[in-house]
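Work through the exercises below with the sequence and the model at hand. Each task is followed by a solution in steps.

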Amino acid sequence: MKNSFLLVLILLMIFIISCSETNSPHKTEEPFLVIPEHFPELPIPADNPITREKVELGRMLFYEKLLSNDKTIPSCSHCMKQEHAFSDNTPVSLGNKNLPESRNTMSLANVAYREKLFWDGRGKAIEAPAYRSMFLPRILGADTNEIVKRLESHPTYPLLFKKAFGTNAKPSAYLISKAIACFVRTLISGNSRYDKYLRGDSNALNISEKRGMQLFFSERTNCSKCHSGLFFTDLDFHNTGITTHYFDRGRYLITGENKDRGKFITPTLRNIEVTAPYMHDGSFPTLEKVIEHYNQGGKPFINKDTLIKPLGLTSEEIKDLIAFLKSLTDWEFIHNKKFSNPLSNN
Ligand code: HEC
């Protein structure tokens, strides 16, 4: 009796499994945009709505060597590397002909939420840098007409542009930048251990990380006055006294006002563990050096923020603070196959 019941149960299970397998070709595709439940709604510009086709095309173009002058630089991914949360690990990135950029590469994680782009806040729409990077001599340094010709004679791109932008669409620099911007907007990172803690898992952080978190949000360090909110930035410009001579005048280059000399936008601290070296000029190689700088109160500079002052942190407290910063790494994002290179020949 018992045995026949077991047999029926096994047969039933086999039936259920085989049914779900025959259904599998129709199962819904993996979503191309996932917003964590504790994140706000994603701002999407009305003139470039996100669609699966655009994201898929944009992902290919993000890694496409054909967009660079001599077809050797894998487009955006040359400096925006997934293993570094879509930034890289040099003080300043080297682009076309190994020419250096002027500032440290900022991470693209959650960039869709940022209303001000770049260290001096000069940019707004992601489409613009995606467009300009193709022909800027220090980045991909290519002739956009030449890029368009390459894509037009490619076996798959012409069809993919039609799928993404309509039957009359052809590859163009304008549409390339739109597709890349759509892919970049999907680079959402909100699954660090800190996020799990925020979503209610009180064991997601260990004791040292919790002590570091308290310090970070305390009046003693003031870190969270500037690195505020879910994205750890007030999107404002500050001087933090990392040097006594600011050869790069930062926000001043945009406003022309002396009060903005040496000021830079507060960068996010999400995934900070994998985006060394640090600061707009990449001058601090490690998190230890960054905290040492804050602990000493920075170097004298006329516009230095009054919040930057000696903190008197003990070596134990410094360890805790760094442990907290490392709990902001979202390893799922860094290893998410949805964002990796889809091209087999690159
Ligand atoms: C007055 C605002 C302000 C305060 C207070 C502040 N920061 Fe910053 N932080 C900034 C700005 C602005 C930068 C970029 C400075 C630059 O590049 O010249 C920065 C850079 C950093 C970086 C490097 C980020 C990167 O991507 O290169 C880290 C790490 C960091 N801060 C952590 C902290 C910690 C920890 C504290 C507290 C001890 C703190 N900050 C306090 C504004 C602030």
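**Exercise 1: the iron site**

Find the protein donors of the iron atom of the ligand and state the geometry around the metal.

Step 1. H227 (NE2) and Y294 (OH) are the protein donors of the iron atom of the ligand, at 1.9 to 2.1 Å from it; donors are N, O and S atoms within 2.8 Å of the metal (3.2 Å for Na, K and Ca), and water is not among the atoms, so sites may look incomplete.

Step 2. Because the six donor atoms around the iron atom subtend angles of 87 to 180°, the arrangement is octahedral. Six donors count as octahedral if opposite donors are over 155 degrees apart and all others between 65 and 115.

Step 3. H227 is in the loop between α9 and β1 (237–238) and Y294 in helix α11, so the pair ties together parts that are 67 residues apart in sequence. Helices (H or I, at least four residues) and strands (E, at least two) are DSSP runs, numbered from the N terminus.

The model is predicted: local features need pLDDT of at least 70, side-chain atom pairs count only at pLDDT 80 or more, and totals for chains, interfaces and linings use all residues. Residues are numbered from 1 along each chain as its sequence is written, and side-chain values use heavy atoms, with hydrogens and water left out.

**Exercise 2: backbone geometry**

Locate the cis peptide bond and the positive phi of a residue other than glycine.

Step 1. The peptide bond from A276 to P277 is cis, with omega near -5°, and P277 lies in the loop between β2 and α11.

Step 2. K71 has phi near 60° and is found in the loop between α2 (52–62) and α3 (127–135).

Notes. Four donors count as tetrahedral if all angles lie between 85 and 135 degrees; four count as square planar and six as octahedral if opposite donors are over 155 degrees apart and all others between 65 and 115; anything else is irregular.
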